[in-house]
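Welcome! Take a moment to look over the structure below before reading on.

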Amino acid sequence: FPWRLMIIAYIALWVMGLIIGLRLFPDTRALGLWLQGKPVSLLSIWIGMYFLLRSGDLIINYLARVWRMGTALYSIDSQRKSLRILTLVAVLKGIIPVAATLLGIILSLLILGMPLTTLLAGLGLISFAISLAAQSLIKSMINGLIILWNDPYGVGDSVAFGNQVEGLVEQFNLFHTQLRSGDGDLITMP
């Protein structure tokens with residue numbers, strides 16, 4: 001993480017130096033002002049989204065550590081709660097990149113001059129089309145939220161679904177659950 005921060009700072013210094021250098025001379029002043037406007041704003045938005053992603057992961061890890069320490073001290077059922085924490089951390093780490101990317105796209109379109117009403121209307125139409133096309137995906141996501149809410153199982157639990165599928169829960173997100181069977185097979189269930 002620190003070396004990426006250094007690279008970003010290095011690029012930012014070069015861009016600022018280029019803008020200052022271009023604005024010094026009358027022939028290139030217009031180019032410097034243009035570069036200072038939209039391109040730098042777009043670059044700053046995406047650098048901000050990168051930092052949002054990284055800080056989101058750090059905050060989630062910190063809160064999970066604090067929650068895990070608190071449940072270990074005061075709860076009899078701390079093993080179950082620690083498994084629940086791992087499941088929630090995995091789900092939150094899956095949601096943050098999608099939210100940050102959507103926020104970056106919306107802010108970039110606003111910087112490029114797209115009106116907010118047009119943007120919201122377009123997003124409404126796109127979300128309606130996606131909801132019609134991906135009904136099973138939405139159904140899986142709602143089922144994943146219900147599983148998270150009711151907490152019937154989590155990562156690390158041994159579960160059996162009917163007489164056909166049983167194994168250890170290796171991964172869980174809002175769309176599917178992956179089990180490792182006793183034979184070593186990886187089973188993915190919606």
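Here is a short tour, from the overall picture to one residue. This is a predicted model, where local features need pLDDT of at least 70, side-chain atom pairs count only at pLDDT 80 or more, and totals for chains, interfaces and linings use all residues. Residues are numbered from 1 along each chain as its sequence is written, and side-chain values use heavy atoms, leaving out hydrogens and water.

**Elements**
- You can find six helices and four strands in the protein, where helices (H or I, at least four residues) and strands (E, at least two) are DSSP runs numbered from the N terminus.
- Reading from the N terminus, the order is α-α-α-α-α-α-β-β-β-β.

**Overall dimensions**
- The radius of gyration, taken over C-alpha atoms, is 23 Å, while a compact globule of 190 residues would have one near 16 Å.
- That globule rule is 2.2 Å times the number of residues to the power 0.38.
- Along the principal axes, the C-alpha atoms fill a box of roughly 80 × 45 × 35 Å.

**Burial and contacts**
- Of the 190 residues, 22% count as buried, meaning under 20% relative accessible area (1.4 Å probe, protein chains only).
- Among contacts (heavy atoms within 4.5 Å) between residues at least 6 apart in sequence, 47% join residues at least 24 apart.

**A closer look at T177**
- T177 lies in strand 3, which covers residues 177-180.
- With a relative accessible area of 4%, T177 is buried.
- Not counting residues up to four places away in sequence, T177 touches Y153, V169, Q171, F172, I187, T188 and M189.

Note on methods. Buried means under 20% relative accessible area, exposed over 50%, partly exposed in between (1.4 Å probe, protein chains only).
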